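Biologist: I am new to reading structures. Could you take me through a few features, one at a time?
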Amino acid sequence: MMNISAIENYVSQLELTDIEGNKIPIGNGNKIWLSIFREATCPFCNIRVYEMTQKAEYFLKSDIRIVAIFKSSSSDTKKFIAQQPRPFQIVADPDASIYRGLSLRSSFSAKLKAILLQMPRLLQGLSLTGTRGLVTSNQLPADILLDGKAKVLKIYTAKDISDHIPFSEVDRFI
């Protein structure tokens, strides 16, 4: 991942649109949690989205905008992630331009580590994605917490494909 000033510059120039066609302003006074996922078919990502959905009301009461970004087509994102209403905005990035723009890394060994060490969670996620969840990239997730002026307050880079920022760190951000 790039350095903080490069990330701030990149993120402040992003023109995000969610899967419903709504623009997502960055740096307009709202704190933003960019949760950058792998594919919408990723079993671990589906479990994390479920967990975020369960906690979203708490976060949204705190005036934080949650934006979930998926390296998937809009149709896959709607089918696997947004089949149920989500209390946050979802962005499809099928060309992985955001991932490349942030220089996020991929790692086969980190993927293998999650599959081996997080088997119950993997199986739980596969119940949501079916066999499509078995064919995913080695892309690692990341989370970026931005203040109201698009200043980076926290960057969390995943250690494996099942890893995301702990909710306790998001609590401190609020």
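Biologist: Which side chain does the side chain of Arg86 make a polar contact with?

Modeller: This is a predicted model. In it, the side chain of Arg86 makes a polar contact with that of Thr53, at 3.0 Å.

Biologist: Where is the place of Arg86?

Modeller: Arg86 sits in a loop, between α3 (74-80) and β5 (89-92).

Biologist: Is Arg86 buried or exposed?

Modeller: Arg86 is buried. Yet Arg86 has no salt bridge. The nearest side chain of opposite charge is Glu20, 11 Å away.

Biologist: Why is Lys149 called exposed?

Modeller: Exposed means over 50% relative accessible area. Lys149 has 73%, so Lys149 is exposed. Lys149 also lies in a loop, between β6 (142-146) and β7 (152-157).

Biologist: How many Å separate the C-alpha atoms of Lys149 and Arg86?

Modeller: Those C-alpha atoms are 25 Å apart. Along the chain, Lys149 and Arg86 are 63 residues apart.

Biologist: Now pockets. How do you look for empty space?

Modeller: Rolling a probe the size of a water molecule over the atoms shows where space is left empty. Here, the largest pocket holds about 150 Å³ of space. Two elements each give two or more residues to its lining: α2 (43-61) and α6 (119-129).

Biologist: Which residues line the largest pocket?

Modeller: Arg86 is one of them. The lining also includes Asn46, Ile47, Tyr50, Gln124, Ser127 and Leu128. Phe80, Gln83 and Gln84 belong to the lining too.

Biologist: What classes does the lining of the largest pocket have?

Modeller: The lining has 4 nonpolar, 5 polar and 1 charged residues.

How values were computed. Residues are numbered from 1 along each chain as its sequence is written. This is a predicted model: local features need pLDDT of at least 70, side-chain atom pairs count only at pLDDT 80 or more; totals for chains, interfaces and linings use all residues. Side-chain values use heavy atoms; hydrogens and water are left out. On a 1 Å grid over the protein atoms alone, a cavity is a set of points where a 1.4 Å probe fits but cannot get out, and a pocket is an open set with protein on both sides within 12 Å along at least five of seven lines; lining residues have an atom within 4 Å of a point. Grid points are joined across faces, edges and corners, and a volume is the space filled by probe spheres set on the points. Helices (H or I, at least four residues) and strands (E, at least two) are DSSP runs, numbered from the N terminus. Ala, Val, Leu, Ile, Met, Phe, Trp, Tyr, Cys and Pro count as nonpolar, Asp, Glu, Lys and Arg as charged, and the others, Gly among them, as polar. Buried means under 20% relative accessible area, exposed over 50%, partly exposed in between (1.4 Å probe, protein chains only). Lys and Arg count as positive and Asp and Glu as negative; His and the chain ends are not counted. A salt bridge is a side-chain nitrogen of Lys or Arg within 4 Å of a carboxyl oxygen of Asp or Glu. A polar contact is a pair of N or O atoms within 3.5 Å; within protein, one must be able to donate a hydrogen and the other to accept it, and residues adjacent in sequence count only if both atoms are side-chain atoms.
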